[in-house]
Every structure is written in C-alpha cells, then in structure tokens.
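Thanks for coming. Please have a look at the sequence and the structure on the screen, and then I will walk you through a few parts.

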Amino acid sequence: MCKTKTLGAVIPPYHSVQDLRMRYNVFSLIKNSFSGHKNWQPAWREPQPKSEYDIVIVGGGGHGLATAYYLAKEHGLTNVAVLEKGWLGSGNIGRNTTIIRSNYMLPGNNPFYEWSMKLWENLEQDFNFNAMVSQRGVLNLCHTDAQRDAFARRGNAMRIDGVDAELLDREQVREMYPFFDFENARFPIKGGLLQRRGGTVRHDAVAWGYARGADSRGVDIIQRCEVTGIHIENGKVVGVDTNKGFIRCKKLGLATAGNSSETAAMAGLKLPVESHVLQAFVSEGLKPYIDGVVTFGAGHFYVSQSDKGGLVFGGDIDGYNSYARRGNLPMVEHVVEAGVAMIPSIARVRVLRSWGGIMDMSMDGSPIIDKTPIQNLYLNTGWCYGGFKATPASGWCFAHTIARDEPHKLNAAYRLDRFRTGHMLDEKGQGATPNLH
Amino acid sequence: MSSYRLDKGGLIDRTTELSFSFDGKPFTGHAGDTLASALMANGMTLMGRSFKYHRPRGVITAGAAEPNALVELREGGRKEANTRATMIELYDGLTARSQNRWPSLNFDVGAVTSLASSIFVAGFYYKTFMWPKSFWEKIYEPLIRRAAGLGTASRLPDPDKYEKAYAHCDLLVIGSGPAGLMAALAAARSGQRVVLADEGARLGGSLLHEREEIDGKSGLDWAAGVLAELASLPTVTLMPRTTVMGWFDGNIFGAVERVNDHVAVPDPYEPRQRYWRIIAKRAVLAAGAEERPVAFGGNDVPGVMLASAMRSYANRYGVAAGRSVAVFANNDSAYRTARDLKAQGVHVEVIVDSRMDASADSAGVPVIRGQQVTDVSGRKGVTGIELSNGTHIDCEALAMSGGWSPIVNLACHRGQKPHWDKSLLAFLPPDNGPGFTVAGSAAGKMLLSECLADGAAKGAAGGKPVAVPNCRDEGFAIAPLWWVKESHGKAFIDYQNDATAKDLPLAAREGYRDVELAKRYTTTGMATDQGKLGNINAIAILAEATGRSMDEVGTTTFRPFYTPVSFGAFAGPFTGHHFQPVRKTPLHEWAEEQGAVFVETGLWMRSSWFPQDGEDWLASASREVLATRNGVGICDVSTLGKIDVQGKDAGAFLDKLYCNTFSTLAVGKARYGLMLREDGIVYDDGTTSRLADDHYVMTTTTANAAKVMAQMEFAHQALFPELDVTYVSVTEQWAQMAVAGPKSRATLQKIVDGLELNDQTAPYMAALEITVMGGVPARLFRLSFSGEHAYELAVPADYGNMVARAVCQAGEEFGIVPYGVEALSIMRIEKGHVAGGELNGTTTAGDLGLGKMVSAKKDFIGRMMAQREGLMDPNRQCVVGIRPVDPTDRIRSGAHLLKRDDTPSMANDQGYVTSVAWSPMLDMWIGLALLANGRARHGEVVQVWDGLRGARVMGEICDPMHFDKENKRLHA
Amino acid sequence: MLIPCPHCGTRPVEEFTFLGDASVTRPTTNDPSSMEQWYDYVYLRNNPRGRFDEYAHHSGGCRSWLVVTRNTETHEVYGAVTARDYTRAKGARA
C-alpha cells in the first residue's frame, strides 16, 4: 500500500446554530488566500431537524429557499425548516437555462414578474453572494406580421406599466446579430421585441445565496430529508413524516416544482398540473459569440451564452408526462434544427451536454401561489418552464402568503380555484392543454 | 521540443507525406497520424492553454477524453473550435490554430492570472465583483467573458452538408476492441443483424496500440482476421469513425458518423457527418476503460501524459514523448509501458511505483518502489521529476497511471448509477437488463482473456457460443493513489477547467459537500471532456475530505452526449430554406402568373398582394379592394381547412363539435359555425355546408386546420365512439377561390355549366354541386367574407389553375383583379368579421359578439365551462370597432386603450387593438379592438396608446362593422 | 421512445401527440349541478410518478387516438390500445 500524508482530519458537516458567516468581498478573499483558504466558514449548516417548527417548507430548490429567506428577512419568522429530499438546489434551480425577464402582458402576471426583476436587480447586494445577475437583454424574434402585432400588444402592456420594451425592425436585429440567417431563411426575421433589462443569472448561485442568507438568519436547511407523508387533523396540517422522522409544524408550504402533484397527493389534493420534461443543452465553451438572450420565433429554440463561454439553449418540452430528468432524441433534433435555421454558422459548434428538468405544466401556463382548502397548507406550483425568473418574487409572495395567511396583491391572481371560476391567466391562449403552454 | 518520430514502427504510412500547418507554421506528417501525433513527431509538445490560468498544455491522452490539446481546425465557414487534436486524422492541407491564448501559444499574456491564483480558488467569483453594483455588466463581466471560453466559433454559414439516417439491428456493439470484436463475432456467426460501431478511424480498439498476443498472432493480426470475417457476412455493418453518443428510451442509440472529417473538403453530394438513430434489439457496450491521471504538482506540464497514451503514441504512431522517459503509476501498467517504450527504442529512465510490493517484468528499467512523484520541473516541457523522498530525476517526459475507469457513460444515460468496486478501484456499470449489457473492461474485466470471454458471452447472450481464443495476459494489480499531497505545485483534477485537488476539500469545508454541489462549485467535470479523466479522482478526494465511502459520494450524473456532437449533425438537412417544408396551394402557379407576392402563413405560401407598376403593398391592396368592391375580384382561399364529413350521424357529430346546430341545416345550404374548446373558449370558426343528408363539408381557418382535425378525431374516437361518422381532410384535394364583388355572378355565370345563377338557384348561403367549363366537377358556395355579393368556387386541385385562369378571362370585361390576403384582411376588417387577431385563444363567443350562436338546447364541446362566472363577466373585453377621431391619424395593431383622460398604467388598461387596416372605402385607418365592456361603449372616445412606438392618438369606439352596416352589398 | 400502435406496429415517439391523463371521463349531463364534475374533467389530472394511462394521437401515422400505458419515471411502455376500445371498456366498467 502506498502511504500518503493526509492534510488534516476529515471535514465534518457544520452543525452549530451560531451565526459565524463572514461577509464575502474582495478583502475577505485576499485575507483568506494568505491562510490557504482554510478558514472559510461553511456557507450553511447541516443541522439535524428539530421536532417542531413554526413553518416547514417542502423543497429546497430556488423557490423554497427564497421563501425561507424572505420569511426570515421580511417577516422575522426564523423557526423555519426547509426540507430537501436531495441536495440543496437539486431541483429546477439546478437545471434551468438561467433566463430572467419580465415580458408578460396579462395584468395578473406582469406586476409579479416585474417585481421579480426588481428583486433580481438588487439581489446580490441583498444576500451578499455574487449570482452574476447580468442584464444582457432578451430578444424575441418575429417572423410574421401577426407575431409582430402580438409583440406590439405585449410590449405596450409592458410599457404601460413602466417595464422596458422595444420593438425592433429587421435592420435593428441585424445590427445586433449580423450572423443570423437574414438571407436564406425559410421564415425571414422581420424584427423582434427586446427587453434590455432581461438577461441571465448564474442559477446555482441563486440557490446558494438564498440558502446562506436563510441559514444565517436561523432557518434550518435539511438536505437528504424526504417528506413521505402529510399529517392532517381536523382539516388542519399538523406535520410531516420524513425519512428523518416526524416533524411537527404550524404551517406547511409546498414548493416542490416538478413533483407537485405527488406532494399534494399526500394531502389528498388533485392538482390542475401535469409533469413534463424539458430538455436543455450547453455547447462547448466559446469566446463571446452571442451577447444576450435570443428566442427564435419560427421554431423552438432560444439561446444565451454563459460567462464560462458555453451556449446555453433549449426549446420545447418533450410533450409527454414524465418524471425522468432526461428527454429523447426527437426533441434534441427539433431544437437544434431550429438553432441552425436561426444561426447557420452554429452548425460546426458542438453540443456538449443535454439534461432535463421536470416542469409543473399548469392548465393555463401560469403558476399557483395560494392557500389550499386544507388549513395551514400552502401551495406553490405550476411554474411551467418559467420558474427560474420568478424565483425571487415567488419566494417573496409565498412567504407573504404563509406569514399573513393571505395572498399579496402581486400573487392575488395565482389562485388555485381560478379554473373553477373561469379566471384563467393564459398568456398563450392554449387553454387546458398543459403541453401546449 | 523533446518529442520525436521514432525510426520505425507504428500504423502510419511513412511513404505518404502530408503537409499541414499549426499556428501558421508548416509541418509534415504521415497518413495514419493524428494531428496530435504529427505535432509530437515535429517536436511540438505545447498544444494549448488552460481555461483559467492559461497554463501551457500538451496532450494527456491519445483519444476522445483529451482535455488539453484543443485546436481551431480549418478556416472560414468550416472553422471548428475546440477540436481534439488527438482525434483529428491528419490530411494533406490541414490547418489548425491554438486557442485561448494571446498573442501566441508560446507567450500568452493571460497566464498572468496564475500569479493571482491564490485568490482565484474555486468559487472565488461568488464572493466578489459585487461592488460597485454597476461594475458587473460594464467592467467585470466583459473581462471575465473575454478571458473565458475556449476557441472562437465561425460567424460564416457552414458550407458542408449533413445527413440523418436510421438503422435497425439485432445487436449493436459499441467499441471494436477485443470484447467488442468477440461480441460481434458471436452474434454475427449465428446470423444476427449486427452493427459494430467505433469512434476510431480504424476498427480494433486497444489492439491498435497495445502489444498483445492472441491465438499465437499479434493482437493486430488477430483483429484483422476477425474484421475480415465480419466484413464478409451480409448481416454485419461495420461503422468506423462512428461515435455512439447517447442511449435513449426504447433502446434507441444516437450516433454520429464522421464521414468526411478526415478530408479537407467533402466531395460534392457527400455529407460531412451523418447522424444515426440506431434502434437495437440488444446492445453490448464494449467501450473499454479510460486511464486515470494522478494528482501531483505539475501533472499538467507538457510531456506528462497517461501511460497508455504514451504507449499508443509509440506503438501506433511511431512517436516518442521524449528522449528519456519516466513512468509513475500505482498499478502494473507501469511495467508494460516501460517494456513497450524500450522495445521501440525509447530510453526509460525509471519506474516510480507508488506500491511497495509490486513485482512485474520491468525489462531492466530501474524501479523505485513506495515513492511518489510530488512535482514536475519544467514549464512548457518536462525537465525532471521530484520524488517524495526528495530525489530529483532528469527526464523529458513522464508517463502516469492512476488506474482504470470503465467507460460506463452510455450505460448510465437513462438514469442508472454505477457502483464502486473496491478491488478494481473502479465504478462498474449498473445492470440494465438483457437489452443493454456491458462487456470487457467497460464492465471491469481488466485482463485480455476476460475481455475476450466476456465479449463472446455477451454477444452470444445464450445463443450459440463461439470459441474464445487463447491470449497472453498482462497483470492488473492496483493500490489506491489519488492525490500526492506533498506536492508543492498545482495538482490538477480537471485539467481544462484548472480545478485542482485542493479545490475539493475547500468546497467541502464551505458546505458544498454533495458531489453535485462540489462539481458546480469547483467546475470539476464540467469541461469539454465532462469529467472523463478527472471525476473519479475528484470523488475519491471528496470522499476522503468528508469521511464518506466512494459509493456514498457517488458519481455525478452521466448525461448525453458521450462526446460533443456538432449542431450540424443533429440538424441534418433541415436548415436554411429547408428548415420546414413549403406548402403551395393548387392555385400557386396561377398566382405566380398574376405577379403575386407570397407570404409565409404557417407552412403555406399565400398570395399576399398582386402589385402593378411598382406599387407597394398598401397601394396594391387598396387597389385590389376598390376593384373588388366596384367590380369583381378573385382570391385564392385554398389554404382554408376542408374536412369531408359523412355518415348517418354526421349532423349529430357536428352538433357536438360546434356550439351552434348543424343537424338542422338544409341540404344545399351552408352555415357559419363556431367551435369551442372544452374550456368554453372559442377554438375555430368557418362555414360548413350540407351536400346530402349524410354528407357535410366543413371549412376551418388556415391556422387551425390540423388542430381541428385532431380535435374531431379525439371527440369521435375517445368521447363519442358510438357515432356512425367518418371524416377526412380534403384541404389539399380542392382548389378554392373566392370570387367577390357586384360582378361576381356575371363572371361565374360564364363558366358554370347549365345553371342560371340567381337568388333562387343560388341564394345567399347556398352550397351547390355543379360542373364548370363543360364538365369540371365543382362546388359553388354563395358565401362572403368581404361583404360583397360573393361566391367560393371549389374544384379538384388539378383543375385549379385552369379554372382560375378561366374565371379571370370571364371577368376581364368587368375588370376582374386577383386579390391577396392583405386585401382580404382589409375587407374583413371593414366588415367587422373576426379572425386570428380576435380568435386568440382567450375570447368567448360572447366576447366576439357571437353569443347568440351558442345553443342552449344540446350538449356540445365547451358548453358547460363557458358558463363559469369569469367567462360571463360583463366587464370582459369584447370586440368593438375603432377608428381615429382625426381621420388623418393612424392607429396600429397592438396599441392599448385607455380612457380619455387616464394616465398609462396596467390598472387603467382597457384593452388593445387586435387588427387594423387602411380602409380605401372609408379613406382612413380602422380597426377592431378588444375593450372592457366594449359593447356598451360605442361612441366613447379613448386613447389609443402605443408607447412602444411613441404614439398616442384619440380613437372612437364603434360597431365592429365599419362598412355597409345593412349588408346591402351582400344581397345585391 | 417507441410506441406500439395497434394498427401500425412499433413506431417512434415523434409520430405521436400526447394529451395526458386518459382516466378522465366526460360527464354525460349538462345539469348546472354538474359543474364540479365538469371542472374535474377539464382541469384536474392524475399525474403519477410511475404507471400511467395517457391519450396519444398517432398524428404522424394512422391518426388513431390511443391510450398508452407507460411508466412516467422509467419511460417503459407497457402497451397501447385504441381510445375507442378504452372508452368503451370504461363505459362498461362504469
């Protein structure tokens, strides 16, 4: 056997409740470099669950962690646990295409997403973590007069409420992206709708920043803790069974995107939701190629470039119910065909990796943040493939809804019973067919 | 400059000299070389720069996992960034450039980052660059983006072609080494359809570069014999240069065949690459095993490479990595490396074996046991190594081996996890059932004899066994060694991303203890090799740092694609103008003759306007409207969906589909129908005619033709299977033209056979089966979208152009004009007919002013949900007309509506303009809009707010019907 | 993924269009008291992780609506019947 000198003992998980978090800045970085970076504190603890909490959030993804963060920060509620069956941020926050935008047109949606954008704009300073919020611009291309009219409607809905939007003509698009197909296209580019404040964010860092911020305020984030049952007594939630035992709680929030139907079923609820797999892709790293986010209007393709250089792109859901975080080749081909149709020179770029995330596809394409018919049980679901950009506002509104036991006006339209009453929020006009949203 | 071409040996053709250039400098190599081997033969060991620190780098591998030697290959539209020099087959005229360096590979300013490397540890960027806030997008991020990335992609269209192909087989064998060949042979001899695919240019796998003996022959000769037998069998397809890159549901494999990547330019009509979907009843993965590096200081200095790579360069390419070589390993492969190199005439200085107790034939090379290489001296090339006991040994290259990792990637693509084997120090593939087995070293069979036997068994899979040949085995003994912690220099785990061994304990210390978190925090395994080389080392270091076992830490997820795949391959021929098929109407030729300008409408090309004498679209469309309203016009409406419905229950079926009733429609009559979705929202509209008691013909909108057909099939098959009805789409079987205007009747009369057209024989909403032009079968509908006295004439598609020409001739005396969809749209807006802008998937029948059509007497799709309070709310936005108060103002589609004195805000938003047109009849812009409680607001003046285009005009709300409110013209 | 169409044999997934949960049953009444049933039918969905009966239209083939039984986690396909037969069987059960 070889002998290797070990450098110090095994690094134990960090359990202490005391807040030892140090601020992140260039000075702390330099200071730590002198000690070989051995003195960094953990970004979060790994506590054992207590037997009871005021509030338990199921799901340690972006929305669940943001909810916990805002419960602590905005409502002073810190006797809170976030239960995550996998690793922190292992849900869709860890597998999306990182786009932020607030280009919605319906009154129930637009103010919510714009609030999210405003939270993004101050997020890093707020939670002292560089999530690389980059307002590089989101450009939606149009290829027909009807699409341009629809963009005009959308852009005006944004502008009327003070959200930035610009309608570009073909030449303005060409100026931004001269190497797109303007010459031989099957569906020539006629223009586009640009939101300059849209952009991208380093997705994992969002989970980490919220987790660190929540943890430092006393929230217990419990990884590898799977909820297996929801206890309801006299129409009220009283706690959850987990693989780490029963945990009592006064209020229970479900933020388990992708798995919402299964989680809600533990409380006997059937949801207006289907689970679908959405594939995403990244290319090999390239020197700067595409500056902002661009969506193709004549096929399913959108693309941006990460700070590391990979083209991050995606298209449409595979179209069948799925809980497998992986898709199949027909959609890969479908998406890449559209990509090459938009950017002919991309043909020689190579796709490095594909993955899949599970979307709660709702019946009108809009989310649900609401109380439920069961007292003390709150629901956050139905994000379709738009959950990432909503993370801050979703957490903010869900925290409000849980803390005050009533929705904030920003999420007032995201009611669970809106389908029963006929108040759908259908941006695309596709109706009760989730895989068309 | 220490590597060189050996005097003899290798599978290269020394008689063929190929010229190539690297960074503009000319070189030569031989057929059979890779770019990497040819560069090494020319003494070029420095081939690239790393991602973060811009460290000088040479090849580490001789294959697909290469993280360092990435180049920009070719020029112009054919330029490909990040191409692995180890996989590029040398061809005459090849041009390549190094990347991620400035100004040159040899002198790279970016390397200054390594001076600050003590700050640039894993995750440093999450902790800084936050102040001042505005600097991120303006200063920090642009700098980071410029420094990051690897090669530069071309911005010119790729001139090459790509193909897609499908294959079906009984057995797909992935990998053509010893196990793969035996698997293929076993299945092929029993008559199965076998596909044998290998990423290499030449089949044979490890037998091409390892010195083996099988059946008394060299491994190479044995492989040649097997391949010859396989090639002779009609059921076997051999696919070299084909990388199976993903395993998908249904035992479908994705593969890319590099058909012409080994030539400068593909022959005309030849694809560059061919993308395959291979549907396999069974598959055997025989992809072999990847050798692992060891983490020690300077394990990235050019000249340090995997022991197997060094053997491969010597045995296959006749290239030595240096004039004196040292070998460092924790397993027996050190010894065969020393023997092979010595046999090829390379001086081997020493074997450093980390184990105390190893014994194997070193062919006389001195062996130092129980020691490790702590550091490598040299920067752009190895000059020597330091051992843990302080010994310094001069050498020009170092072969390293940290053990072997079975290439299990494909076996894990559908979500299964591999498991750790303590004795092999390897993750072994999961059990995926009989449809997909793993054989040979990919399954942890580390001896040649085991590989041959395993391949034979997995290939036969219980069928007729084949004899397993005899062979000589090399030893396989290994002891753990992941990280030499005494190292002073940086010890790399992920070479390309510059992730070092120390980054992993740091990640654990900061809370990123899960393997997925550690990966994301340190970027280990996220480079173009996707962790093929470094991940197992990373897992071991993380396991040690967190006191967990290898299985507890586990691997990150193996995802497609095994190696990166070009966009071009996935896209195949469906690019440019061939992205989607083009649908042309049966009247396309006629429209072309008439000078139509066509517009994309879904897949259709529709005639949009028919300009004369340099008219623009507006002038042309206006003229077409005037000519039609004053005389007669003809318009191609063939794109409307046409569905033929027949059967005893045809009427009952239509009653289910439409919110109004069709079973009561008289034979020979047409009726406008409105179709809802089950959620009560309007789905589609169109006229449906009854041609006989049990025979209707429906029309749908152009956009919804396919969707309505699918909805009908669902309704019939899944909801109302008891109905006796059949239906078929006949959209493409009929050419249909609208003939509209006061002279339409007179025009058509001239071509109709034996029927006097009048209000008795062809009243409004008549639907007649007639003949025209002396026997051409036709259907004549007296329908009007334009509001004029008008007809739609349908004839079998092949007669379309002829009949349209005849109509034009007949109408000549009345000044007939062809009109396009622009004029059509103007006339329908003048008449307030709803279309796509209003049928937007969120409007109800009531919203469209069609609430009276909704029957209360029958069940139909959408009936119940349409009654929800949210859909009955009087404040819902409904269709109104709108026109500018000042007739010289222009209103635009997409503008929003505000009360006269309100300030713009979403709360004040009253609706929006859905459709606009310049009305030549009214001499002003007019439109339709959706306005809250709009029907009660006719006459109100509102702001038409178009902030997006900087416009705000005042508009008056009016009845949607802007023109001829009494419909006098319709019945004229 | 491959789907065994009862008419066309085993065909690739891109020939099919999916419509989700096939367990829903269209109410047979238009009585105002049935609104809750209609809401259930139009909006609520079984969405299990595991075995699932789903509507699939062979839109790129014979154009039959099928009910495919499939595992939503492994994507294993157990079989397919025509929606017509499935509906009739459901009616017989009801």
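Predicted model: local features only at pLDDT ≥ 70, side-chain atom pairs only at ≥ 80, totals over all residues.

Let me begin with chain B and chain A. How many residues of chain B are in contact with chain A? There are 137 on the chain B side, and they touch 133 residues of chain A. Putting these two chains together buries about 11,300 Å², and carbon and sulfur atoms give 56% of that area. On the chain B side, the residues that lose the most area to chain A are B:Arg145, B:Phe567 and B:Met906, together 9% of what that side buries.

As for which element to look at, helix 2 of chain B gives the largest share of the side that touches chain A, with 7 residues. By class, that side of chain B divides into 58 nonpolar, 39 polar and 40 charged residues.

One of the salt bridges here joins A:Asp307 and B:Arg145, with the closest N and O atoms 2.8 Å apart. This pair crosses between chains: A:Asp307 sits in the loop between strand 14 (302-305) and strand 15 (310-321) of chain A, and B:Arg145 sits in helix 2 (residues 135-147) of chain B. Are these two residues buried or exposed? Both A:Asp307 and B:Arg145 are buried. You have met B:Arg145 already, as one of the residues in chain B that lose the most area to chain A.

Now to chain C and chain A. Here 24 residues of chain C are in contact with 27 residues of chain A. The area buried between them is about 2,300 Å², with 51% from carbon and sulfur atoms. Which residues of chain C lose the most area to chain A? They are C:Tyr43, C:Asn47 and C:Arg49, and together they account for 31% of what that side buries.

Between chain C and chain A the rule finds 2 salt bridges. A:Arg420 forms a salt bridge with C:Glu36, where the closest N and O atoms are 2.6 Å apart. On the chain C side, the elements that give two or more residues are strand 3 (17-21), helix 1 (35-43) and strand 4 (51-57). By class, that side has 10 nonpolar, 6 polar and 8 charged residues.

Let me turn to salt bridges within a chain. Over all chains, the structure holds 97 salt bridges. In general, side chains of opposite charge can pair when their charged atoms come close. In chain A, A:Glu183 pairs with A:Arg174, and the closest N and O atoms are 3.0 Å apart. A:Glu183 counts as exposed because its relative accessibility is 66%, while A:Arg174, at 24%, counts as partly exposed.

In chain B, B:Arg937 forms a salt bridge with B:Glu940, the closest N and O atoms being 2.8 Å apart. B:Arg937 has 10% relative accessibility and so counts as buried. B:Glu940 has a relative accessible area of 25%, so that residue is partly exposed. Elsewhere, salt bridges that share partners join a set of residues into one network, including A:Glu284, A:Arg348, B:Glu80 and B:Arg272.

Now the helix, which is helix 2 (residues 62-75) of chain A. Its 14 residues should span 20 Å at 1.5 Å a residue, and the end C-alpha atoms are 19 Å apart, which agrees. Of those 14 residues, 11 are buried, so the helix is largely enclosed by the rest of the structure. Among the buried ones are A:Gly62, A:His63, A:Tyr69 and A:Tyr70. Just after this helix, A:Gly76 takes a positive phi of about 65°.

Last, the loop residue. B:Met773 lies in the loop between strand 44 (767-772) and strand 45 (776-781) of chain B. At 33% relative accessibility, B:Met773 counts as partly exposed. B:Met773 and B:Lys750 are 23 residues apart in sequence, and 8.6 Å apart in space, C-alpha to C-alpha. Leaving aside neighbours within four places in sequence, the contacts of B:Met773 are B:Ile751, B:Asp753, B:Met802, B:Val803 and B:Ala806.

Terms used. Residues numbered from 1 in each chain as written. Chains lettered and ligands numbered in written order. Heavy atoms only, no water. Contact = heavy atoms within 4.5 Å. Buried area = accessible area lost by both parts, 1.4 Å probe. Salt bridge = Lys/Arg side-chain N within 4 Å of Asp/Glu carboxyl O. Helix = DSSP H or I, 4+ residues; strand = E, 2+ residues; numbered from the N terminus. Nonpolar A, V, L, I, M, F, W, Y, C, P; charged D, E, K, R; others polar. Buried < 20%, exposed > 50% of the residue type's maximum accessible area, 1.4 Å probe, protein only. Expected span 1.5 Å × (residues − 1).
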